[in-house]
Amino acid sequence: MSASGLGTGRPGRAVVTGIGVVAPTGIGARQHWESVLAGKSGLGRITRFDTTGYPVGVAGEVPGFATAEQVPGRLVPQTDRFTHFALAAAAAALEDAGADPAALPEYEMAVVSASSSGGTEFGQHEMERLYQRGPSWVTAYQSIAWFYAATTGQVSIRHGMRGPCGVLCCEQAGGLDALGQARRLLSSGSRLVLSGGTDASLCPYGLVAQLSAGGLSTEDDPARAYLPFDRAATGFVPGEGGAFLVVESAAGAAGRGAPHYGELLGYAAGFDPPPGSARPPVLAAVIRRALADAGLAAEAVDVVFADASGRPEQDLAESRAITEVFGPGGVPVTAPKTLTGRLYAGGAALDTATALLALRHGLVPHTAGPLRPAPGHEIDLVLDRPRPTAPRTALVLARGHGGFTSALLVGAGDGPHPTT
C-alpha cells in the first residue's frame with residue numbers, strides 16, 4: 001500500500017498546497033485575505049450592465065480583472081467570463097503551489113470543478129445574435145462555451161492534465177463537492193488535482209434567471225443588502241468569481257518539498273427534502289457524517305464557516321443545525337461571504353480557501369455587516385473584528401438551490417506558506 005492510500009478504498013491524506021483567488025475582495029489569495037481581515041466589502045452597485053428596471057442593483061463584482069493579461073488571447077473569444085476567472089485562479093494556484101505540470105505525469109493530474117449556470121453571458125450574447133441577426137451569426141463556440149464542463153476542459157487542456165476530469169453542478173454546494181471528489185481521486189492514482197469553482201452570471205440573462213429562483217435582496221444600500229442571521233436580513237446578494245485549490249497527497253507534496261496550507265479531513269453531502277415534507281433538513285446529519293469521515297468529535301472543531309443564506313428561514317434552519325451538533329454558542333461561527341455576496345459555484349471553494357488562510361494565520365475572521373442577531377439564533381456569530389483564537393480545525397458548510405447540502409472539514413497545515 002502506498003503512502004497516498006492507493007488501494008485502501010479510503011482517501012489518504014489530502015493536503016492543499018496552492019490557492020488561487022479571483023473574487024470581489026481582490027485578485028490573489030493575499031489581497032483577498034487582507035480584505036477579509038479589514039472587513040473591506042466588495043459589494044456595490046452593478047456596473048457591468050444597466051440595471052434600470054431590475055429589482056436588484058447590488059452585487060459583488062471582481063475589480064480590475066484584465067482578461068487579456070490573464071487568459072491566452074485565442075481563448076478569450078472562445079470562452080465565457082466564468083472560464084476566464086477559472087483559468088486565472090487555476091494558474092495562480094499552481095504557481096502558489098510551486099507545481100510545474102510539465103514535470104508531472106499527465107495522467108496523474110486531474111481537474112474537478114463546480115459549475116452553477118455555466119457560460120451565462122456568452123450564451124446571452126449568442127442568443128442576441130440568433131434573434132437579432134439570424135442563425136448564421138451564432139459562433140461554433142456557443143456549443144462549448146456555455147457548457148458546465150467548459151472550465152474543467154479548458155483548465156485541463158491548458159495545463160496538460162489528462163487524468164480523471166469532471167464537473168459537479170450543485171450550485172453553492174458544488175465547491176465542497178468538487179473538493180470532496182478531489183480527495184477521492186488521490187486514492188485512485190491521481191497525485192495532483194486542481195479543484196474549485198467560479199461563477200460569472202452578472203448579466204441581464206443571468207440576473208433574470210437568479211430572480212426567478214427567489215432569495216435575492218432588493219435592498220439598494222450595499223452595506224445593508226446582505227445581512228445573514230440579522231434582524232434586518234432580506235435575502236442575499238449575488239456575486240462573481242471564486243477560487244481554485246491545488247490538492248495533493250501528503251506524501252506527494254512532501255516528496256517535492258511543498259508546504260501546505262492544510263488538510264482536507266472529512267467530507268459529506270446530502271439532499272434536503274422538498275418543501276412541505278415532514279422530513280427534517282439534512283444539514284445536522286451531514287455535519288455529523290463529515291465529522292465521522294474525519295474521525296473527529298464535535299469538540300475538535302474550532303470555527304464554522306456558515307452557508308449564510310441571508311433568507312431568515314434558511315438562516316434559522318442553519319443556526320439550529322449548528323446548535324444541534326455543537327450546542328448553544330458551542331463554536332465560533334463566521335460568514336466572510338458578506339464581503340463578496342454568494343458566488344454560487346465559486347462560493348464554497350472561496351470559503352474553503354478563506355478557512356485555510358484563517359487556520360494559517362490563527363484568526364477567525366469576522367462577519368462584516370450584521371449587527372443585531374435575529375431572535376431564535378443561539379450561535380456564537382463572530383462580529384466586529386477578527387478573533388485570535390488560533391483555530392486548528394474548520395468546518396465549511398454550503399447549501400445549493402434545490403436542496404444540495406455539503407460539509408467539509410479542513411485542518412491546519414505545516415507552517416507559514418511562502419506567499420501568504
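**Briefing: pockets, buried residues and cysteines in a predicted model**

The residues lining the largest pocket comprise 16 nonpolar, 20 polar and 10 charged. Here Ala, Val, Leu, Ile, Met, Phe, Trp, Tyr, Cys and Pro count as nonpolar, Asp, Glu, Lys and Arg as charged, and the others, Gly among them, as polar. This is a predicted model, in which local features need pLDDT of at least 70 and side-chain atom pairs count only at pLDDT 80 or more, while totals for chains, interfaces and linings use all residues. Residues are numbered from 1 along each chain as its sequence is written, and side-chain values use heavy atoms, with hydrogens and water left out.

**Confidence**

- The average pLDDT of the chain is 93, and 96% of the residues score at least 70; pLDDT is the predictor's confidence in each residue, from 0 to 100.
- Over residues 1-10 pLDDT stays under 50, and the model has 15 contacts beyond four places in sequence for them. A contact means heavy atoms within 4.5 Å.
- Where pLDDT is low, the predicted coordinates should not be read in detail.

**The largest pocket**

- The volume of the largest pocket is about 1,200 Å³. Of its 46 lining residues, E171, G400, H401, G402 and G403 are the closest to the centre.
- On a 1 Å grid over the protein atoms alone, a pocket is an open set of points with protein on both sides within 12 Å along at least five of seven lines, a cavity is a set where a 1.4 Å probe fits but cannot get out, and lining residues have an atom within 4 Å of a point.
- Grid points are joined across faces, edges and corners, and a volume is the space filled by probe spheres set on the points.
- At least two lining residues each come from α4 (120-133), α8 (204-213), α11 (312-326), β13 and β14 (404-412). The largest share, five residues, belongs to α8.
- Helices (H or I, at least four residues) and strands (E, at least two) are DSSP runs, numbered from the N terminus.

**The cavity**

- There is one cavity of 30 Å³ or more, and the largest cavity has a volume of about 60 Å³.
- Its lining consists of H32, V36, P336, K337, T340, G341, G347, L350, D351 and T354. These divide into three nonpolar, five polar and two charged residues.
- α1 (29-38) and α12 (347-361) each supply at least two residues of this lining, and α12 gives the largest share, four residues.

**Loop residues**

- E171 sits in the loop between β6 (165-168) and α7 (174-185). Its phi is near 50 degrees, a positive value in a residue other than glycine.
- E171 is buried, at 17% relative accessible area. Buried means under 20%, exposed over 50% and partly exposed in between, with a 1.4 Å probe and protein chains only.
- D384, in the loop between β12 (380-381) and β13, also has a positive phi, near 75 degrees. D384 is exposed, with a relative accessible area of 59%.
- P273 belongs to the loop between β9 (262-271) and α10 (283-294) and is buried at 14% relative accessibility.
- Beyond four places in sequence, P273 touches R279, P280, P281 and V282. P273 and G402 are 129 residues apart in sequence, and their C-alpha atoms are 9.2 Å apart in space.

- Helix α6 (residues 150-159) is largely enclosed by the rest of the structure, because seven of its 10 residues are buried. The buried residues are A150, T151, T152, Q154, V155, S156 and H159.
- Among the elements that cover them are α3 (81-97), β5 (109-114), α5 (142-145), β6, β7 (192-199) and β8 (241-249).
- T393 is in strand β13 (residues 393-400) and is buried, with a relative accessible area of 9%.
- Leaving aside neighbours within four places in sequence, the contacts of T393 include L265, L296, A300, V301 and D302.

**Cysteines**

- The whole structure holds zero disulfides, a disulfide being a pair of cysteine sulfur atoms within 2.5 Å.
- The closest cysteine sulfur to that of C169 is in C170, 6.9 Å away, too far for a bond.
- C169 is partly exposed, at 38% relative accessible area, whereas C170 is buried, at 10%.
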